[in-house]
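Please read the following report alongside the sequence and the coordinates shown here. It moves from sheet pairing to backbone geometry and then to aromatic rings.

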Amino acid sequence: MAKENTGQHQQTEARRKKLTLVLGVSGLCILFYVLGAWQNNNVPASYSKMGCETKSNPSSSTSSSSSESLDFKSHNQDEFKETNQTIKYFEPCDLSLSEYTPCEDRQRGRKFDRNMMKYRERHCPSKDELLYCLIPPPPNYKIPFKWPQSRDYAWYGNIPHKELSVEKAVQNWIQVEGDRFRFPGGGTMFPRGADAYIDDIARLIPLTNGGIRTAIDTGCGVASFGAYLLKRDIMAVSFAPRDTHEAQVQFALERGVPAIIGIMGSRRLPYPARAFDLAHCSRCLIPWFKNDGLYLMEVDRVLRPGGYWILSGPPINWKQYWRGWERTEEDLKQEQDSIEDVAKSLCWKKVIEKGDLSIWQKPINHIECKKLKQNNKSPPICSSSDNADSAWYKDLEPCVTPLPNTNNPEESAGGALEDWPDRAFAVPPRIIRGTIQDINTEMFREDNEVWKERIAHYKKIVPELSRGRFRNIMDMNAYLGGFAASMLKYPSWVMNVVPVHAEKQTLGVIYERGLIGTYQDWCEGFSTYPRTYDMIHAGGLFTLYDNRCDLTLILLEMDRILRPEGTVVLRDNVEMLTKVEKIAKRMKWNTQIVDHEKGPYNPEKILVAVKTYWTGQPSNNSNNK
């Protein structure tokens with residue numbers, strides 16, 4: 001009888017334990033479901049007007065669409081424990097800093113030498129000048145017009161400066177029409193418009209056969225020359241200083257045209273050797289004849305073998321214009337003679353001078369040039385030990401950058417390039433020649449295939465990528481330019497940035513693909529105005545800079561560059577992205593971490609963030625530090 005009671009007791013105990021286990025598991029399932037639902041309510045509602053404390057945007061016509069629901073967060077419960085109430089948000093900077101450019105601050109620049117325009121070069125803030133606040137958009141800011149309408153129109157409230165419309169009224173740079181600017185396409189030396197001016201150039205050199213793809217426009221104004229080259233499949237980097245011509249580079253980028261703040265001063269331009277098929281100056285006010293032709297030597301460095309230099313404006317056609325230019329005939333003739341002498345000393349050939357245009361061409365190799373330099377060594381050919389691609393804070397040198405050696409007079413030094421558009425996916429000569437260590441043809445082709453898969457994945461998690469939502473895009477760690485090349489099918493352009501700390505210095509390869517870019521140290525500010533990019537992409541950037549500088553400052557710089565409702569896509573390991581996400585939330589970005597295109601078991605993840613729409617308000621208080 002005792003054994004029977006003991007058996008019944010054990011069965012009852014077993015049922016109780018089983019019931020407890022079932023209830024416990026069910027409770028945990030319900031708890032995780034509620035937590036997952038709560039987290040999914042805190043991911044970005046992609047590209048619609050979102051976020052607390054945001055102001056509605058009257059101009060945005062973008063429809064709301066959600067990115068694909070990829071449940072990465074539910075498997076990483078330890079990554080974020082804060083609620084919206086515990087996040088310490090960054091404060092907005094004072095409205096007076098709405099157009100703040102950290103390394104081109106005019107007040108700081110006045111402390112430097114005016115010789116060779118050093119005071120307008122990059123001079124970044126000291127540690128105690130760094131800002132830990134969000135650069136505010138102006139009170140009436142609206143989302144810019146979409147391309148191609150943006151080429152011709154911009155909202156006045158986004159760049160509230162009428163100076164150029166008055167100063168350059170006769171030259172048709174820019175006009176104010178109610179609440180917007182209109183860009184008629186005019187310029188100082190092309191009163192009939194940039195389109196007609198480019199047609200004039202095309203009658204003198206083969207401009208549209210695919211041989212010319214990359215261009216640099218020095219002293220660009222509002223970049224109408226670059227804007228109208230785009231319809232001819234020519235990508236120009238337009239640059240101008242932050243000077244008395246208020247916001248000219250800002251206008252260019254607002255139009256959706258590639259541009260960067262820069263100046264021909266005492267340092268090399270931030271581009272590799274042999275980068276551009278064409279260089280252009282239309283009354284750019286650069287004293288080409290001074291300093292023994294040092295500035296033309298820099299143009300020669302960045303020009304490809306066989307590349308063209310186009311000059312219009314003083315002193316070209318001085319016999320017709322000397323009275324209007326308020327200079328003497330002797331002065332203008334002497335200036336042109338000096339330019340001709342420098343061009344000859346660089347072994348350039350003068351192609352033609354017709355009307356307001358004068359065009360020179362760089363030789364395809366230095367076989368004949370070396371012979372000439374035996375008799376006339378001024379300027380000498382630079383030392384072969386000098387890295388011609390090195391251009392970050394590197395002083396100009398009074399010498400001719402040597403071209404790669406060749407024994408064939410008909411061969412293009414460094415290797416011939418394919419015509420555009422084949423150039424984008426052809427193996428670049430620098431890789432064929434083995435000048436980029438540890439990168440070969442097979443790796444280049446594999447990288448192209450990787451980016452096909454990545455872009456297909458991005459289109460799922462960022463649907464607007466393929467809908468023309470993003471015009472100005474930056475890749476902060478571009479490597480071989482695979483992201484930019486994969487984006488060529490869309491109405492966008494990519495500024496490919498190669499960090500100076502990157503193990504592989506690949507900017508020369510990027511230019512050989514017919515793409516554009518620049519060098520940059522991301523511990524410093526980028527040479528652009530606030531709110532000039534629609535999308536920012538970066539792979540492995542924060543791991544690269546983790547022990548170099550404050551990651552918070554890099555993210556605040558990204559926020560400065562990014563337009564309201566702009567998108568950020570970051571690739572990195574999950575630990576780094578978790579750290580970045582916490583800072584991003586303090587900037588009022590809406591964020592989501594999703595899986596790698598290969599699936600959840602890949603240690604690299606993707607962070608997608610959207611900057612919320614808000615504008616600055618006039619205030620007497622300043623809270624910048």
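## Strand pairing and packing

Strand 16 and strand 17 pair in the antiparallel sense over 6 bridges, where helices (H or I, at least four residues) and strands (E, at least two) are DSSP runs numbered from the N terminus, and two strands pair if DSSP finds at least two bridges between them. Within this pairing, Q592 stands opposite V608 in strand 17. The model is a predicted one, in which local features need pLDDT of at least 70 and side-chain atom pairs count only at pLDDT 80 or more, whereas totals for chains, interfaces and linings use all residues. Residues are numbered from 1 along each chain as its sequence is written, and side-chain values use heavy atoms, with hydrogens and water left out.

The two strands belong to an open sheet of 7 strands with mixed pairing, whose order is 13-12-11-14-15-17-16. Its edge strands are strand 13 and strand 16, each of which pairs on one side only. Neighbouring strands of this sheet are turned by 20° against each other on average, direction ignored; axes are lines fitted to C-alpha atoms, for helices over the stretch in contact, and angles run from 0 to 180 degrees between N-to-C directions. Helix 12 (residues 441-461) packs on the sheet and touches strand 14, strand 15 (562-573), strand 16 and strand 17, with its direction making about 45° with that of strand 17; contact means heavy atoms within 4.5 Å. Helix 17 (residues 574-586) also packs on the sheet, touching strand 15, strand 16 and strand 17, and its direction makes about 160° with that of strand 15.

The loop between strand 16 (589-594) and strand 17 (604-611) holds D595. D595 is buried at a relative accessible area of 15%, given that buried means under 20% relative accessible area, exposed over 50% and partly exposed in between (1.4 Å probe, protein chains only). The side chain of D595 makes a polar contact with the side chain of K605 at 3.2 Å; such a contact is a pair of N or O atoms within 3.5 Å, of which, within protein, one must be able to donate a hydrogen and the other to accept it, while residues adjacent in sequence count only if both atoms are side-chain atoms.

How many residues of strand 5 (residues 235-240) are buried? The count is 6 of the 6, so strand 5 is largely enclosed by the rest of the structure. In a regular strand the side chains alternate between the two faces of the sheet. Here M235, V237 and F239 point one way from strand 5, while A236, S238 and A240 point the other way.

Strand 4 (residues 214-218) runs parallel to strand 5 and is joined to it by 5 bridges, and D217 stands opposite S238 in strand 5. Strand 4, helix 5 (residues 224-229) and strand 5 together make a right-handed β-α-β unit, a crossover being right-handed if, with the strands pointing away from the viewer, the path from the first strand over the helix to the second runs clockwise. Strand 5 is also joined by 3 bridges to strand 6 (residues 259-261), again in parallel, and the bridge partner of A240 in strand 6 is I261.

## Backbone geometry in loops

| Site | Backbone value | Loop location |
|---|---|---|
| W147 to P148 | cis, omega about 10° | P148: between helix 2 (106-109) and strand 1 (153-155) |
| P314 to P315 | cis, omega near 5° | P315: between strand 8 (303-312) and helix 8 (318-321) |

Y393 counts as partly exposed at 32% relative accessibility, whereas R531 is buried, with a relative accessible area of 3%.

## Aromatic rings

The count comes to 20 aromatic pairs, under the rule that rings of Phe, Tyr and Trp (its six-membered ring) pair if their centres lie within 6.5 Å, with planes under 30 degrees apart counted as stacked, over 60 as edge-to-face and the rest as tilted. The rings of Y156 and F181 have centres 5.3 Å apart and planes at 50°, so this pair is tilted. Because Y156 lies in the loop between strand 1 and helix 3 (163-167) and F181 in strand 3 (residues 180-182), the pair ties together parts that are 25 residues apart in sequence. Y156 is partly exposed at 24% relative accessibility, while F181 is buried at 0%. Ring pairs link Y156, F181, F183 and F251 into a cluster.
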